[in-house]
Amino acid sequence: MIHNAGARHLYVHLPFCVHRCGYCDFVTVVGREAQHGAYVDALLSELARESGSLAGAVDTVFIGGGTPTFTDPDALRRVLAALPSAAEVTVEANPETVTEELAVLLREGGVNRISLGAQTFAPRLLDVLERVAGPDDVRRAVHTLRDAFFDNISLDLIYGIPGQEPSDLDTDLAEALALAPEHLSLYELEAKPGTRFTHAWGDELVRQSEAMEGYFERVVETLTDAGYRWYETANFCLSGDQAAGRDLRAHHNLGYWQGRDYLGVGIGAVSTLGEQRRRNGASIGRYINALGGSAGGKEPPRELEQLDPLTKAQERLMLGLRLDEPLALGGLEHAIDRGGLERMVAGGLAVVHTECDAGDEQSLSLTNRGRFLGGGVTAELLA
Ligand SMILES: C[S@@+](CC[C@H](N)C(=O)[O-])C[C@H]1O[C@@H](n2cnc3c(N)ncnc32)[C@H](O)[C@@H]1O
Ligand code: SF4
C-alpha cells in the first residue's frame, strides 16, 4: 500500500562518471556521453510516471550519482527544469567538474546546496583512491561556487584510506575547515570484499580498520571544537552563531534517517513508499528500453519488498539513533529488547527520557559514548 500523503523527498540518480574510482560501490556508468540524453529522457519519463507518489509539496530533492555534474549540460538542464520546487535542492559535484558555467547552470536550475566530494587533501591518498581531482581542484571548486552565491556547501571526506596516518587526518580536517563549509560528511572507508581495491590494499585495510575508532573520535572532537554540530553519526553542520539562525543539517538525508517516505528515480534508485520498498535495476540499457525506447513508458525493471511492521520499526530505531535528538519510542516498543536496553542504560551508552507533559511518552537517545560505538549498541537494543 502506498502512503496516501505521498513522499516529500525525491532522489534523482545520474550515474555517469568520467572514470571509476577503485573503492566505489555505487551504481555508476563510465563515460557513455552518447547515452546521457537518452538516459535523461528515460529518467524524466519515470519521474512523470511516478509523480503521483509525491506529495503536493516536496521538501527536498537530492541529485546524486555517479557524478551528476559530469552529465551533458543540456541533459542536466532538462533534469533541473523538470524537478518540483523544494526548499532544499542538493546536487553532488566532483571538484574537477565545477566551472563558472556549471555553477550558473546549477543556480539557474534552482539548486541551492552542493555536496562536493573532496575525500582527502593528501595527493598520495587521492592517488590510492584513484581520484581525478587534486586538492587545488577542491579549493578552486569551493571558491567558484561561493562566487556563484552558493551559501550551503558540504564537503565529503573519507578516512581509513590505505597509507593514511592520524596526522594526515588532522591535516585533512584543517584543510576542510579552512574552506568554512556549512556542512561536512566524514565517512569511514568501506572496502567491499572481493573487489580489485581490496585485493590491492588487503593488509593495509586491516591496519586501517583497527585505527578506525581512534580516527572517528578525532573527527568528532576536532569538528565539534570548531563549532560544528555532530547531528548524525557521520554528519556535521555549522550551528549556533556560525549558522546565523539556519538549520544546516542535510534535510534530504534527515528525512531518510527520520523514517519518512521518499521516491527515488533512475537506475539503482531506491524508494520507500508506505510499506513498500522498491529498488530499480542497475542496467542502463534495460532502463532506457523500458522507459524511453520505442516501447516507451513501461515500468523499469525493479525489485519490490514488502516491509512488515517489525522491520519498519527496527529500521526506524537503527536510523533514528544515528541522530543527536531523542527518538520517540511510541509504536516502536515491540522492536526493542528490554533487557538489552537496560544493559545499555546501565552501561552509560543510552538514555531513556520521559516527557511528563506528553502523557509519559518515552524517547531514547544514545550518549556520546554510545554514538561512538554506534551499530554495536543499536544491535543490542533490537528485539
Ligand atoms: C555517491 S558518492 C560519490 C559522489 C561523487 N561522485 C564523488 O565521487 O565525490 C557520495 C560519497 O560517498 C562516499 N563514498 C563513496 N564510496 C565510499 C566508500 N567505499 N567508503 C566510504 N565512503 C564512500 C564519498 O565520500 C562520496 O563523496
Ligand atoms: S566519481 Fe564518485 S560515483 Fe564516480 S566512481 Fe568515483 S566515487 Fe564513485
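Student: How do the axes of helix α1 and helix α9 cross?
Tutor: Helix α1 (residues 36-50) and helix α9 (residues 284-291) have axes that come within 9 Å and cross at roughly 55°. Axes here are lines fitted to C-alpha atoms, for helices over the stretch in contact, and the angles run from 0 to 180 degrees between N-to-C directions. Helices (H or I, at least four residues) and strands (E, at least two) are DSSP runs, numbered from the N terminus.

Student: Before we go on, what kind of model is this?
Tutor: This is a predicted model, where local features need pLDDT of at least 70 and side-chain atom pairs count only at pLDDT 80 or more, while totals for chains, interfaces and linings use all residues. Residues are numbered from 1 along each chain as its sequence is written, with chains lettered from A and ligands numbered from 1 in the order in which they are written.

Student: Which residues make the contact?
Tutor: On α1 they are A38, Y39, A42, S45 and E46, and α9 brings I284, Y287, I288 and L291. Two residues are in contact if their C-beta atoms, placed from the backbone, lie within 7 Å. By class, the contact has 7 nonpolar, 1 polar and 1 charged residue. Ala, Val, Leu, Ile, Met, Phe, Trp, Tyr, Cys and Pro count as nonpolar, Asp, Glu, Lys and Arg as charged, and the others, Gly among them, as polar.

Student: And at what angle do α1 and α2 pack?
Tutor: About 10°, with their axes 9 Å apart. The two helices are therefore roughly parallel to each other. H36, G37, V40, L43, L44 and L47 of α1 meet A75, R78, V79 and A82 of α2. That contact divides into 7 nonpolar, 2 polar and 1 charged.

Student: Let's switch to ligands. What surrounds ligand 2?
Tutor: Its shell is C17, R20, C21, C24, F26, T28, G65, G66, T67, N94 and G117. A residue is near a molecule or strand if its C-beta atom, placed from the backbone, lies within 6 Å of it. The shell around ligand 2 holds 4 nonpolar, 6 polar and 1 charged.

Student: Which residues come nearest to ligand 1?
Tutor: Y23, G117, D156, Y187 and E190, out of 16 residues around ligand 1. Strands β4 (60-65), β6 (113-119) and β7 (153-159) each give at least two residues to that shell. Its classes are 6 nonpolar, 6 polar and 4 charged.

Student: What sort of peptide bond joins G65 and G66?
Tutor: A cis one, with omega about 15°. G66 sits in the loop between β4 and α2 (73-82).

Student: What about phi of E130?
Tutor: That angle is near 60°, a positive value in a residue other than glycine. E130 is in the loop between α4 (123-129) and α5 (135-147).

Student: Last topic: how is the chain divided into domains?
Tutor: Domain 1 covers 9-257 and domain 2 covers 309-381, with bounds from an automatic or database domain assignment. Their centres, taken over C-alpha atoms, are separated by 29 Å.

Student: How many residues of each are in contact?
Tutor: 8 residues of domain 1 touch 8 residues of domain 2. β9 gives the largest share of the domain 1 side, 3 residues.

Conventions
Parallel < 35°, antiparallel > 145°, perpendicular 65-115°, else oblique.
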